[in-house]
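Thanks for coming. I will take a few minutes on one structure, so please look at it first.

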Amino acid sequence: MVDILVQTRLKEEPGIILVHVESQASIQRDFAERMFIYFSRLYQEHRCRILL
């Protein structure tokens, strides 16, 4: 699993871009929940626009 987190400006607005690359051999049923947790924790800490 590789996660890259970049803090940048998006059209003059502070923002964060999370690039998540993961190679999987099988379906992971909690993937959407995990992405939501990543998003919510980032938003809670930074309070800005987040692109996943």
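Predicted model: local features only at pLDDT ≥ 70, side-chain atom pairs only at ≥ 80, totals over all residues.

Residues are numbered from 1 along each chain as its sequence is written, and side-chain values use heavy atoms, with hydrogens and water left out.

The patch is nonpolar, covers about 300 Å², and is made by Ile4, Val6, Val19 and Val21. A patch here takes residues with over 30% relative accessible area and no salt bridge, nonpolar side chains being joined within 5 Å. A salt bridge is a Lys or Arg side-chain nitrogen within 4 Å of an Asp or Glu carboxyl oxygen. Strand S1 (2–10) and strand S2 (13–21) each give two or more residues to the patch. Strands are DSSP runs of E, at least two residues, and helices are runs of H or I, at least four. Ile4 sits in strand S1.

Next, the rings. Phe39 and Tyr43 have ring centres 6.4 Å apart and planes at 15°, so they are stacked; pairing needs centres within 6.5 Å, and stacking needs planes under 30 degrees apart. The two are 4 residues apart in helix H1 (residues 31–46), about one helical turn.

Last, Arg34, also in helix H1. Its side chain makes a polar contact of 2.7 Å with that of Gln28, the term meaning a donor and an acceptor, N or O, within 3.5 Å. Arg34 is buried at 16% relative accessible area, since buried means under 20% with a 1.4 Å probe.

Notes
Patch = residues over 30% accessible without salt bridge, like charges linked within 9 Å, V, L, I, M, F, W, Y side chains within 5 Å. Areas by Shrake-Rupley, 256 points an atom, 1.4 Å probe, with all protein chains shown as cover. Phe/Tyr/Trp six-rings, centres within 6.5 Å; stacked < 30°, edge-to-face > 60°. Buried < 20%, exposed > 50% of the residue type's maximum accessible area, 1.4 Å probe, protein only.
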